[in-house]
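Please work through each task before reading its solution.

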Amino acid sequence: MVHSRFDIKYVLAPLAGFTSAPFRLLCRQYGADLAYTEMVSAAGLAHGSSPTRQLMELMPGEGPVACQLFGSKPDELAFAAAEADKLHRFVEINLNAGCPMPKITHEGDGAALIHDPQLVHDCLVAIARETRLPVTLKTRPGPKPDQVKLFELLDAAETAGCAGFTLHGRFTSQMHGGEVHYDLLAEAVRRAKIPVTGNGGVYNPETAARMAETGVEAIMIGRAALANPWIFSDLRSAEPPEVLEAPERRRQLQNDAFAGHLANLLTFRDQLAANFPNDHVPTVDGFISVALHTHLFRYFNGRPGSAALRKRLNAIHTLAEVRAAVGELLANGR
Ligand SMILES: Cc1cc2nc3c(=O)[nH]c(=O)nc-3n(C[C@H](O)[C@H](O)[C@H](O)COP(=O)(O)O)c2cc1C
C-alpha cells in the first residue's frame with residue numbers, strides 16, 4: 001500500500017552536532033514518530049570515550065529513539081551494539097553506511113562501506129548477534145551515479161536479518177546536495193522484503209508527497225527540521241501553504257520553539273552533569289553558547305532585526321545575555 005503524506009511515518013534523521021536529546025525531544029513534541037541519535041562511534045565506545053557515551057543519553061518524553069552506530073570493524077560494532085542494548089532505552093540499532101565526510105571515510109567507515117556490501121553484511125550480523133533489538137541500515141544508492149550498489153546493499157541488509165532499510169536518495173559523490181533519485185527509491189521499495197524509509201530533500205508538503213509516491217513506509221527529515229521542528233506536524237496538515245507559511249504563525253512557532261529548545265537544553269545539561277559526575281560537562285553558559293551557534297540563532301533568521309541579533313549573539317557568552325538579546329527582539333514586536 002502506498003501511504004500518502006498525511007498518514008506516513010515521519011522520522012528525524014541523525015544529524016551529527018544537531019540531533020542531541022534536546023532537539024529530538026522538541027521534534028517529538030511537534031510530532032516526529034521516531035528519531036535517531038547522532039552517529040555514535042563504535043571505536044569510541046570500545047575505547048571508553050565519555051563524550052561518545054553522552055551521545056547515547058535520552059531525555060524523558062523523547063518517545064522512540066534509535067541508536068545509530070558508525071564503524072567498520074565487526075568486533076567493535078558488536079561491542080557497541082551490546083553497550084547500546086544494555087541501556088534498555090533504544091528501539092532499534094542502525095548502522096551508518098552513508099556518511100561522506102573524509103574523516104569518517106578515511107577510516108573505512110560511513111560511506112566507505114558502500115564499496116563493500118559483504119563487509120556491510122558482516123557488520124550487521126555482528127551487531128544483530130549482540131542485541132534483540134531490530135537492526136537497520138542507513139545508506140545511499142552507491143558511490144556515484146555510474147556505480148549503483150543499492151541492490152547489493154539491500155541484499156546484504158536482508159540476508160543479515162535487518163528489520164529496515166533507510167535510503168538517502170543521493171550518491172556519495174553528491175554529499176548532501178543535488179538531485180534525489182526517486183526512481184532508485186521506488187525500485188528499492190519494489191524489490192525490498194523489508195520496510196524502506198526514504199530520505200533526502202524533503203522540506204515541505206510537496207516534497208513529502210513526492211517522496212511518499214515512491215511507496216516508502218516512512219520519510220526521514222534532516223536539515224528541514226532545523227529551526228523548523230514543527231515541520232513534522234505541518235507535513236500532516238491539510239492547510240494550504242499560505243496558512244502554514246503565514247508570517248504571524250511562523251513568528252509564534254519560532255518564538256515557542258526557541259523557548260522550548262532553550263528549556264530542553266537547560267534540563268539536559270543538568271541531566272548530563274548528574275549522570276556523568278566524573279566527566280567534563282560544560283557550564284550552563286558554555287552549553288548554551290555552543291547551542292547558540294548550532295541551533296538557537298537560526299530561529300530568528302529572516303525576521304526584522306535578525307541580522308543585528310545575530311551579530312550581537314556572536315559576541316554573547318552567557319545565558320543571561322542570550323535571554324536579554326532575544327527578549328529585546330521580541331519586545332519590539334519582531
Ligand atoms: C550536518 C549534518 C550531519 C549529519 N550527520 C549524520 C549522521 O550522524 N548520521 C547519518 O546517518 N547521516 C547524517 N547526515 C545525513 C542526514 O541524516 C541525511 O541523510 C541528509 O541530510 C539528507 O537528508 P535531508 O535532505 O532531509 O537533510 C548528516 C547531514 C548533515 C547535513
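**Exercise 1.** Identify which residues come nearest to the ligand, and classify the shell.

Solution. Of the 22 residues around the ligand, those that come nearest are Ala-13, Pro-14, Met-39, Gly-222 and Arg-223; a residue counts as near if its C-beta atom, placed from the backbone, lies within 6 Å of the molecule. The shell then divides into nine nonpolar, 10 polar and three charged residues. Here Ala, Val, Leu, Ile, Met, Phe, Trp, Tyr, Cys and Pro count as nonpolar, Asp, Glu, Lys and Arg as charged, and the others, Gly among them, as polar.

The model is predicted: local features need pLDDT of at least 70, side-chain atom pairs count only at pLDDT 80 or more, and totals for chains, interfaces and linings use all residues. Residues are numbered from 1 along each chain as its sequence is written.

**Exercise 2.** Describe how domain 1 meets domain 2.

Solution. The domain assignment, automatic or from a database, gives domain 1 (9-237) and domain 2 (247-331). Contact (C-beta atoms, placed from the backbone, within 7 Å) joins 16 residues of domain 1 to 18 residues of domain 2. On the domain 1 side, α1 (21-29) and α3 (50-54) each give two or more residues; helices are DSSP runs of H or I, at least four residues, and strands runs of E, at least two, numbered from the N terminus. The largest share, six residues, comes from α1.

Terms used. Two residues are in contact if their C-beta atoms, placed from the backbone, lie within 7 Å.
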